[in-house]
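The following exercises ask the reader to describe two interfaces step by step. Please work through each task before reading its solution.

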Amino acid sequence: MEFFNAYVWPTIEIIFWILVIIVPIILGMAYLTYAERKIIGAVQLRKGPNVVGWFGLLQPIADGLKLLTKETIIPSGANRVIFVIAPMTTFVLAMIAWAVVPFGYSDVSGGPEPEKWVLADINVGILYLFAISSLGVYGIIMAGWASNSKYAFLGALRSAAQMVSYEVSIGFIMITVLLAAGSLNLTEIVLAQKNHGIAHMIGVPELTFLNWFWIPLFPMFVIFFISVLAETNRHPFDLPEAEAELVSGYNVEYSAFIFAMFFLGEYINMILMSAMTVVLFMGGWLPPLDVSWLNWIPGPIWFAGKVAFCLLIFILARAALPRYRYDQLMRLGWKIFLPTSLFAVVAVAGVLLSFGWLPK
Amino acid sequence: MGFTFTEIMPAWPEIFLACAAMGLLVLGVFMKTGAARSISWLSVLALVATGILEIVVVPDGGRVHIFNQLFVADVFTTFVKCLILGASAVGIIMSLGYNDREDIARFEFPILILLATLGMMMMVSAADLISLYVGLELQSLSLYVIAAFRRDSVKSSEAGLKYFVLGALASGMLLYGSSMIYGFSGSTNFLQLAKVLDADASAGIIVGLVFVMVGLAFKISAFPFHMWTPDVYEGAPTPVTAFFAAAPKMAAMALFISVLVGPFGNLVAQWQQVLVLIAIGSMLLGGFAAITQSNIKRLLAYSSIGNMGYALIGLSAGTKDGYSAVLIYMSIYLVMTVGAFAVVLCMRREGRMVEEVKDLAGLSKTQPAMAALMALFMFSMAGIPPLAGFFGKFYVFLAAIEAKLYILAIIGVLASVVAAYYYLRIVMTMYFTEPVEDLDRNVGPELSTIQAIAGAFVLFFILFAEPVVQMTNQAIASLTSG
Amino acid sequence: MVVQALAFYAFAAVLISAGIMVVVSKNPVHSVLFLILCFFNAAGLFVMMGAEFLAMILVIVYVGAVAVLFLFVVMMLDVNFTELREGFARYLPIGLVIGVVLLIELIVLVSGAIPIGKASGPVAKAIAKQPSGHNTEMIGRLLYTDYFYLFQAAGMVLLVAMIGAIVLTHRRRDGVRRQSIAKQTARKSSESIRVVDVKPGEGL
């Protein structure tokens, strides 16, 4: 019984919470693909999926079932082990990052200790997220190499260079955020956007959305979002899988379930990166206005709403923008974003220090 | 704990040099054409300014430790740094014409020399094993790159790669030794180490010390860690070789002195034995291996190995006179080497470099002034009185005899007799063989000026030997004042 | 405590076996992947020691950047590794001797045959000063105060590495037409389009 209390019960509990996080994310991912097809359809004056279920709502489920039941084909020249490990890597990395993402915070005045709604409340949460997102390239590069195919390899090479380039500016932008927040803990970063900032400065504390970092760090917010597009290999930076040139790039040899894992991993990565944007710049779970009926809506709902907003921009960018050329991509990353964000680190630190705004 | 700007005054020259290097780097990138020449002259200017700053901020008397005892400044460091700065400036000036002619003139070259110089200054001022290592790496990394600077030539690339691989090995040994010393004494700080270590140090310390000495011996290219020297000297572009033979040697030797005298001052008995062996080996190798060389750059490489051996005699004496003899020896060596290489740089025939000793044949008839100067440098290196080289050898042998290292002194004298053979062979070639073909004459005013100045120094050293000796004595006095 | 001990042994065992695999595996790409596994387990050990900052930096820098480039290069190069291995037997004795010497040294150290000095100096002092607090903050404080000089010096070393890489590899090509985005966007239709009245059957 002691063994049960000490080891088995905590394990069951943690597995329960993991499921509470993972299941909505996978469901969300399924409907993200649906939303993408519907929205792009609307932009292009088509209907999008509309046959399976009402308004095509069962389409993602049908797609998933199809992929699950198909035969997995492994090319004869492929390196079998790495070929199979690659999609798993992408998928697992996209999932484990969610451990540190804070979904909410319950602070009942006069109640018990405030409760952080996060699976693992670690000190260096932002570094953890950055570390995991910087590993995403491995799935792609392993897949490209193990496929033993030219297109796949080209895609992998492009992706490796692209992701390494844009990570640099993402890292610097994170530094500006954590200079302003004074902590590497994600919950603390969100809380730092709650009670002081521009709304208090101009004397309208109800407009809490003005407190979020997206206003004081606006240029960083924009650069961050663009870098995130590049980091997730989304349009207009989808060179690793450019259909027109590489017929799908690094995952050209993949089929059935292992392809589905790539697909899952990629879309969950999009959601994750949106969540990161929300935590760093858009006040996490905080409601946009400090009025009672908005405060009454639980944090996770706000969080999901903001993530959905970011994803909408992801999709609209895909619908609207043509693909970058490779040298333009590199130029943007190294010659524009890197110097700008590097300068921003100095500027933000200087401003915080000289005006005495450094967080304690 | 923070630092105010005046607190770190002894480091101003380093800070200035670092800023100058970075500023010139930016300037060089934005300048369209002709960047190499103007950046070179600006770098020389920066080095001179750093030297002046160095003299301005020198602490009078004792030693000043700053940056949490990682950095030290005193008369000794100032003396050495001024020599290094001078050698680097001359190195840049010597490279100007060569780089232009060989079509490798790029503005990064003087910048890398500036950064290497910064590394050397940091080495000389190191007061902690970590700052020693970082300074050494800064210097070595820059030198690896400029060894391979003529990247289209296979020989130059090979020189750079060889230097890099062996240099990395030496750095590894130095680090390993440092970690042993840290593990067994609990500190990396020189002051702390000097306090903790006494004559009966544990075996771990001794092993660590030997590893550190191996790393440093590599940097001054002393036997048995000299293997890289001839190849790198031969492969690297000639002005780079000239630079290698001068400034880094000075810096590494000064570091050798300050490490052995400072933290390991109580372990004289232990390091003396190792040094004596290294010195004997270097002198003999420098003497005998050079005899068969026909390439003048290789010959000068072996000559520098031998010269390091003589300098180490003074260090192994373990006395103040010995240390100051090392400084005198190194200063004279610096000037002689620079002069000799300035002559080697003039060895061009039909616009191409020639590097064989026999290409100097009959130089006395075709270019008598240059031949006379070269002869002067060779006689001085052979140690013939009353030239400068004689005094260098005289002081180190004197220190060895005073320290009762008779055998070492005798071997030193014998080795210098052997070495005199090949120095005189060069003179013979110049004066007693018929000229094959004339060397090119349009070498530019920079090289002849450098030759002339070096020649004057070598010839008239006897007149101002006294103040130089006094200066070195003062430097050593401040080094050993604790 | 049992869980911690188990985790430690798991990390350590995987670390060591992956380290061995780095050396013995035939395919260089596998070697790099095992190296990455090594880094991960080392990061895990750091976390267990309470050095979470170091763990994350290890993953970000070594796994996220350095190893990617390693992998990149190893995949691109077509090195004949059987040829490289030919010298293996020749150098094995030297390697073994060095390995054995290091092992003996470690054993001597661990057995306590030689007295080891106590840690002093800035690190020990700083740890004593701030027994609590995040180690991220402590590392930052140390780097920007006590070790400020070394921090800057290391920066200079990296600068030299960068200059060196550029000097030795960058080639300026002549006749490359560069894209000038400002020029492109500043272009107006009035400058670039001309309406020509073309008569039927004649052309321009």
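**Exercise 1: chain C and chain B**

Across the interface of chain C and chain B in this predicted model, the rule finds 1 salt bridge. Identify the side chains that form this salt bridge, and then describe the side of chain C that touches chain B.

Solution. Next, count the polar contacts between chain C and chain B, which amount to 4 residue pairs, both residues being at pLDDT 80 or more. Then turn to the elements: α5 (88-111) and α8 (148-169) of chain C each supply at least two residues of the side that touches chain B, and the largest share, 16 residues, comes from α8(C). By class, this side of chain C has 22 nonpolar, 6 polar and 4 charged residues. Finally, consider the extent: 32 residues of chain C are in contact with 40 residues of chain B, and the two chains bury about 3000 Å² between them, 71% of it on carbon and sulfur atoms.

**Exercise 2: chain A and chain C**

Determine how many salt bridges are counted between chain A and chain C, and which elements of chain A give two or more residues to the side that touches chain C.

Solution. The count between chain A and chain C is 0 salt bridges, while 4 residue pairs, both at pLDDT 80 or more, are in polar contact. The elements of chain A that give two or more residues to this side are α4 (125-146), α5 (150-181) and α13 (326-354), with the largest share, 11 residues, coming from α4(A).

Key. Residues numbered from 1 in each chain as written. Chains lettered and ligands numbered in written order. Predicted model: local features only at pLDDT ≥ 70, side-chain atom pairs only at ≥ 80, totals over all residues. Heavy atoms only, no water. Salt bridge = Lys/Arg side-chain N within 4 Å of Asp/Glu carboxyl O. Polar contact = N/O pair within 3.5 Å; in protein donor to acceptor, adjacent residues only side chain to side chain. Helix = DSSP H or I, 4+ residues; strand = E, 2+ residues; numbered from the N terminus. Contact = heavy atoms within 4.5 Å. Buried area = accessible area lost by both parts, 1.4 Å probe. Nonpolar A, V, L, I, M, F, W, Y, C, P; charged D, E, K, R; others polar.
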